[in-house]
Structures are given as structure tokens and as C-alpha cells.
Amino acid sequence: MNRTRVLALAAASALALAACAPVDDGAEPAASASDGALATLADGRLTIGTSDPAFEPWIVDNDPTSGEGFESAVAYAVADQLGFAAGDVDWVTVTFDQIIAPGAKTFDVAINQVSISDERKQNLDFSSSYYDTAQAVVTLEGSPVAGATTLAELQGARIGAMVGTTSLQIAEDVIAPTTAVSPFNDNDQVKQALAAGLVDAIVVDLPTALYITAAELDGGVLVGQLPAGDNPDQFGLVLDKGSDLTAPVTEAVDALRADGTLAALEAQWLTDAAGAPVLE
């Protein structure tokens, strides 16, 4: 081999080694599961809480471990950003009330369509929003409000919503019905109340409204969206107050938003809002 070729190969090898070598830019590396820097309930594992039953389109077939459904997919994407493999994620069952109650948690993070609010922030930490949504009104064919196109047409209706949720609060504040909104323990009971004729209409988040009218309610009608105003309802992952994971989880959510992952998962698992007019 001639001297010129030897020098060329040596130069190429040096460039390859330089490309593989870590670059010291003075910045501290991000904490990740792999280096043990993240303080989780179980070393090297991430424990995620959600409710049972969990409904589509958030969780498919009530199985959060599948990665199917918007919130299951988001949870695994966040875990991956934090450095946890899918096999290092554990799921625990917690009720909505247990998630939002103050005190020590049985999970590192929870994902369960929990709206971020200043009141809840007094006792909990939240990540940044992984989904901004509107609330929607659902009824049945033949209901006196099935053809409603304005908020005024809903004010005389009997409205139902899940207790402790933004759905109930917005139903009270935006619709301002003449009869108090009926609270129910979960969205399953909300749907049952509508089917049984205990209420004329229900308020749920828009993706849930789209799903239940298409797949769960016989003769379900999506009346429309409620105005979101300047402050749309935002869902955040829930953490214990003062959790060391709050900052890295928020960074993970922000990264997923910036690289388009959240938008892609929303497109995959949540139905487009077309056909749900805003009620004024």
C-alpha cells in the first residue's frame, strides 16, 4: 500500500473516531432512567396510574399495557423520552378521586384526562399539557335538545356530567341550566343516566363524545361543542406535589409536542372535531 493511501486511511479513521466521541459542551446531561438519576417508586421502573375501567379512545380494550389508545400511547412515549423501555413501565389502578386527592401517591405519574387547574395545583404537580380539548354536549335521538344550535336552547334541559371534572364545571358555567347539573361518579354512569332518561343531555370531553355517539349509545347525537374561550381545557400528567419527576416529565411532554409526536398520536387515536359545531 502506498504512503498516500495509508495517510488517507488514517485520516478517515481519525474523523470516524472524532464523530463517535462524546462532545463536551459544558452542559449537564439530562437525567434518565438508564443512569439511575430519576427517583421513582421502584428503581429503574416507571409506575403509571390510570382508572379501571378506562375507556376508548383513551385506552383500547381497557388495557393500558397495550400502548393502544391516545393516553396509553402518550404514556409510553413519555416513558421512552425519560429513558424507560416499555418493559420497565408498570401500571396501577387508581380512581379519579385518588389521583386528584392530596397526599402520597401509589404512582410516579398518572394519566387519566385530568384537567390542569389552579385549585388542583395547590395539592398536585402537573406536567405541561399533552392535550387541549373542548367539552361537548351529547343527547339521544328524539330528545328535546337533539336539534339545539344555541346555548339558550340547552338551559331548560336536565344536564348530567361526571363529578369533580371540568365537564361538570363548564356545564354549570357555560350552559347555566335552570336545573342544577346532575353529578355522577364516572362517565359510565353518566351514559347510563342519559340512556335511562334521567337526564336530557350530558357533557363530556369532545373525543369521548365522538366515540360514545358512534360506538356506545344507541341513537346517540353529538349536539355540539361548548365554547372554549381563551383558556381551553388542558390535560396534564399528574404527579405528587413537589415530585422530582415534575421537571423531567414536563420536558418529555414538551419534546413530544415539539417533534410532532403528540400531534401524530392525536391524529391516530382521537377523531377530528369536524361535525361538532360550537354552540353560542
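Start by selecting Q135, which stands opposite D205 in strand β8. This is a predicted model, in which local features need pLDDT of at least 70, side-chain atom pairs count only at pLDDT 80 or more, and totals for chains, interfaces and linings use all residues. Residues are numbered from 1 along each chain as its sequence is written, and side-chain values use heavy atoms, with hydrogens and water left out.

Next, select residues 135-140, strand β5. Strands (E, at least two residues) and helices (H or I, at least four) are DSSP runs, numbered from the N terminus. Of the 6 residues in β5, 6 are buried, so the strand is largely enclosed by the rest of the structure. Buried means under 20% relative accessible area, exposed over 50%, and partly exposed in between (1.4 Å probe, protein chains only). In a regular strand the side chains alternate between the two faces of the sheet. On one side of β5 are Q135, V137 and T139, and on the other A136, V138 and L140, all buried.

Move to W58, F70, Y130, Y131 and F235, a cluster linked by ring pairs. Rings of Phe, Tyr and Trp (its six-membered ring) pair if their centres lie within 6.5 Å.

From F70, go to A267: their C-alpha atoms are separated by 9.3 Å. A267 belongs to helix α9, residues 261-269, and is exposed, at 62% relative accessible area.

Methods: Phe/Tyr/Trp six-rings, centres within 6.5 Å; stacked < 30°, edge-to-face > 60°. Pairing = 2+ DSSP bridges.
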